[in-house]
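Please keep the viewer open as you read.

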Amino acid sequence: MQLVNIHTSTKSYPVHIGKGAIQLLRGIIQDAEDSYTSIMVITDEKVAKHHLDSFHEHTALDGVILKIVPSGEQAKTFDVYEDCLSTALENKLDRKSLIISFGGGAVGDLTGFVAATYMRGIRFIQVPTTILAHDSAVGGKVAVNHPLGKNMIGAFHQPEAVIYDLDFLQTLPVHEVRSGFAEVIKHSLISDENFYCWLREEIQSLDKMNDSQLLEFLTRGIQVKGSVIAEDEKETGIRAFLNFGHTLGHAIEAEAGYGKVTHGEAVAIGMLFALQLSKHLLGLDFNIEAFKIWLKNLGYETSIPAGLSHVQLLERMKQDKKAVNNTIRFVLLEKIGVPALIEIEENVLMMNLKKFVEEGEQDD
């Protein structure tokens, strides 16, 4: 079992990582300084099917209000958000109530936003069940999607704790493993060349990872995120570096239709493009071809999905949260572990986007 303590300007909280970690939840709830009057659990259909019985067995929480929502990005809609608020109101949750997110990144984002806005903010705990959620469950960024942009309607609302039981990862389909591992790669590239090299050497197949590898890279990824948000909780500066690969990645997700391309798989393409830009604009010394081959061997697509318009992707990127006055800003790398936030002129971006698409077509 690993413990990572997260410290921000507004709150400090523990992240417990390991097999059987869910057994800590009951004690954490009972030990809260200000006791909870009621508990609501939000989970999705797939997680409920695979893990809800285990959750109840290991937590033994009485009188829990259960809300089951759709799986994946379909959970992050205004309709589902409103439905969760209605459930909270109907069950008379108050300002001393607790909401528990039990699921992947989408459920965590939704639950956190419900908690952040219900009665102007009540407490919540993250119980992630995916690899992707090692990134999203930590840091307090919570949101729902808008048809015009991913995660555009949201808040900063830190959890009371994160309970990351690796046993829940055993039922993940391979595309969800791939989606989550992309964020691990991101954490390595923006933070530490040794971490990146360790991943390249250790992880050659996503369906053959052992428990010690899983615990190691999830812990290191959470430590990277924790160190960034300790300096910049509300993304006024270096926290933007955590969006490496996300500017194009979010545009691909939105343009393809939420859920058609998983978040991590879109981010992997976005990272490749950001690396190409880094080489072109900042002189990054990095073997992109070897990186691309590694990604392909792990099952990632490395080119923009067919049928997505350059112009529309560019417009989506203008709506990115890092954009200012329609000026697109990209997180690039000066070298591994040294990210930079760079403004890029539209014509330069379009030229590089076309080149990236052409190279992808040649690879295919």
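A nonpolar core here is a set of buried Ala, Val, Leu, Ile, Met, Phe, Trp, Tyr and Cys residues joined through side-chain atoms within 4.5 Å. Buried means under 20% relative accessible area, exposed means over 50%, and partly exposed is anything in between, using a 1.4 Å probe and protein chains only. The model is predicted, with local features needing pLDDT of at least 70 and side-chain atom pairs counting only at pLDDT 80 or more, while totals for chains, interfaces and linings use all residues. Residues are numbered from 1 along each chain as its sequence is written, and side-chain values use heavy atoms, with hydrogens and water left out.

**The cores**

Which residues touch the most other members of the largest nonpolar core? They are Phe181, Leu189, Phe217, Phe291 and Ile304, in a core of 76 residues. Helix α10 gives this core its largest share, 10 residues. Another core lies apart from it, with 23 residues, including Ile42, Leu110, Val114 and Ala116. Helices (H or I, at least four residues) and strands (E, at least two) are DSSP runs, numbered from the N terminus.

Contact means heavy atoms within 4.5 Å. Setting aside neighbours within four places in sequence, Phe217 is in contact with Ile131, Phe181, Val184, Phe195, Trp198, Leu199, Ile203 and Met209.

Phe217 is one of the buried residues of α8, along with others including Leu214, Leu218, Gly221 and Val224. The buried residues of α8 pack against β1 (2-7), β2 (12-18), α5 (133-136), β9, α6 and α7. The expected span of a helix is 1.5 Å times one less than its number of residues.

Helix α4 (residues 105-117) has 13 residues and runs 18 Å from its first C-alpha to its last, close to the expected 18 Å. How many of the residues of α4 are buried? The count is 12 of 13, so this helix is mostly covered. Among the buried ones are Gly105, Asp109, Leu110, Phe113 and Val114.

**Around His187**

His187 lies in helix α6. With 0% relative accessibility, His187 counts as buried. Leaving aside neighbours within four places in sequence, His187 is in contact with His134, Asp135, Phe195, Gly221, Val224, Lys225 and Leu242.

**Aromatic rings**

Rings of Phe, Tyr and Trp (its six-membered ring) pair if their centres lie within 6.5 Å; planes under 30 degrees apart count as stacked, over 60 as edge-to-face and the rest as tilted. The whole structure holds 12 aromatic pairs. Two of them are set out here.

| Pair | Centre to centre | Angle between planes | Arrangement |
|---|---|---|---|
| Phe102 and Phe168 | 5.2 Å | 70° | edge-to-face |
| Tyr196 and Phe286 | 5.7 Å | 45° | tilted |

Phe102 sits in strand β5 (residues 98-103) and Phe168 in the loop between β9 (162-165) and α6 (174-191), so their pairing ties together parts that are 66 residues apart in sequence. Phe102 and Phe168 are buried. Tyr196, in helix α7 (residues 193-202), and Phe286, in the loop between α10 (263-282) and α11 (288-297), are 90 residues apart, and their pair links distant parts of the chain. Tyr196 and Phe286 are both buried. Ring pairs also join Phe181, Tyr196, Phe217, Phe286, Phe291 and Trp294 into a cluster.

A charge sits over a ring if NZ of Lys or CZ of Arg is within 6 Å of the ring centre and within 35 degrees of the ring normal. Arg220 lies over the face of Trp198, at 5.9 Å from the ring centre.

**Cysteines and backbone**

A disulfide is a pair of cysteine sulfur atoms within 2.5 Å, and the count by this rule is 0. Cys84 is buried, at 0% relative accessibility, whereas Cys197 is partly exposed, at 32%.

Most residues other than glycine have a negative phi. Ala60, in the loop between α2 (45-59) and β4 (65-69), has a positive phi near 50°. Ala60 is partly exposed, with a relative accessible area of 38%. Glu235, in the loop between α8 and α9 (246-256), has a positive phi of about 55°. Met119, which follows α4, has a positive phi near 50°.
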